[in-house]
Amino acid sequence: MKRQTKKKSDDDIVGLFPPMKSIAAFLAATLFMIISMSLLNFLILEFYFGIAGIGSKLLFLYLSTSVIVFSGFNYAVVRGSFFAVKVLQWYFCILFIIFLPTVFLIAEQATFIYAYLLAVVFLLMSLYLLQSKYYQSFVEYQFDALEDIKEVRAEIAAEVAADKAKHGNKF
């Protein structure tokens, strides 16, 4: 996912919020990522280690850390980071690669068949939404909004500095 190089003019009308379809794509992708991340982590830990073999404190620490890291990257996406989107895509691809052997050995754990199917469906839906044009337009809009805010702050700081130089430190 790359930033578009199309230059926007000052006459473009920009609303307060991104387009509704891009907001819906972001919210749906976040929801699907949370569900697939929790299901995949549970199934991977259950298959490779057994939940009882890990210990409840270590399991809680791992899941808490993964939630905090995911929240940080999702916040970076809200701030317009294309790098964070790439990291999320790579994270879910790596989770899927680690998850793949468990799917092939599903006969041993037939009790989790619905969880496996749900995990795969939500994972594929979240990867699809991460690469969709609406999600990309959401990140692009957030990036442009942040750049506009930086420009305005720089102009205000220059104006204040010019006023201070012209009138001295009266304020």
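A nonpolar core is a set of buried Ala, Val, Leu, Ile, Met, Phe, Trp, Tyr and Cys residues joined through side-chain atoms within 4.5 Å, where buried stands for under 20% relative accessible area, exposed for over 50% and partly exposed for anything in between (1.4 Å probe, protein chains only). The model looked at here is a predicted one, so local features need pLDDT of at least 70 and side-chain atom pairs count only at pLDDT 80 or more, while totals for chains, interfaces and linings use all residues. Residues are numbered from 1 along each chain as its sequence is written, and side-chain values rest on heavy atoms, with hydrogens and water left out.

To start with the overall layout, the protein chain has six helices and zero strands, taken as DSSP runs numbered from the N terminus (helices: H or I, at least four residues; strands: E, at least two). Along the sequence this reads as α-α-α-α-α-α. Of the 171 residues in the chain, 32% are buried. Contact means heavy atoms within 4.5 Å, and among contacts with a separation of 6 or more, 82% are between residues 24 or more positions apart.

The largest nonpolar core holds 30 residues, and Met33, Val77, Phe92 and Tyr135 have the most contacts inside it. At least two residues each come from helix 1, helix 3, helix 4 (82-104), helix 5 (113-130) and helix 6 (133-167). Helix 1 gives the largest share, ten residues. Take Met33: setting aside neighbours within four places in sequence, Met33 touches Phe70, Asn74, Leu88, Phe92, Ser126, Leu130 and Tyr135.

Next come the helix pairs. Two packed helices are described by the angle between their axes and the distance between the axes. Axes here are lines fitted to C-alpha atoms, for helices over the stretch in contact, with angles running from 0 to 180 degrees between N-to-C directions. For helix 1 (residues 20-48) and helix 3 (residues 56-78), the axes come within 12 Å and cross at roughly 160°. That makes helix 1 roughly antiparallel to helix 3, on a scale where under 35 degrees is roughly parallel, over 145 roughly antiparallel, 65 to 115 roughly perpendicular and the rest oblique. Their crossing is right-handed; the near helix is turned clockwise from the far one by less than a right angle in such a case, and anticlockwise in a left-handed one. Residues making this contact include Phe26, Met33 and Leu45 of helix 1 and Leu59, Phe70 and Val77 of helix 3. By class there are eleven nonpolar, four polar and no charged residues, counting Ala, Val, Leu, Ile, Met, Phe, Trp, Tyr, Cys and Pro as nonpolar, Asp, Glu, Lys and Arg as charged, and the others, Gly among them, as polar.

Helix 4 and helix 5 have axes that come within 11 Å and cross at roughly 155°, so this pair is roughly antiparallel. The crossing is left-handed. Among the residues in contact are Leu88, Phe92 and Phe99 of helix 4 and Tyr116, Leu123 and Leu130 of helix 5. The class count is 13 nonpolar, two polar and no charged residues.

Ala84, in helix 4, is buried, with a relative accessible area of 1%. Leaving out neighbours within four places in sequence, Ala84 is in contact with Phe73, Ala76 and Val77. Phe73 is eleven residues from Ala84 in sequence and 5.5 Å away in space, C-alpha to C-alpha. Leu124, in helix 5, is partly exposed, with a relative accessible area of 49%.
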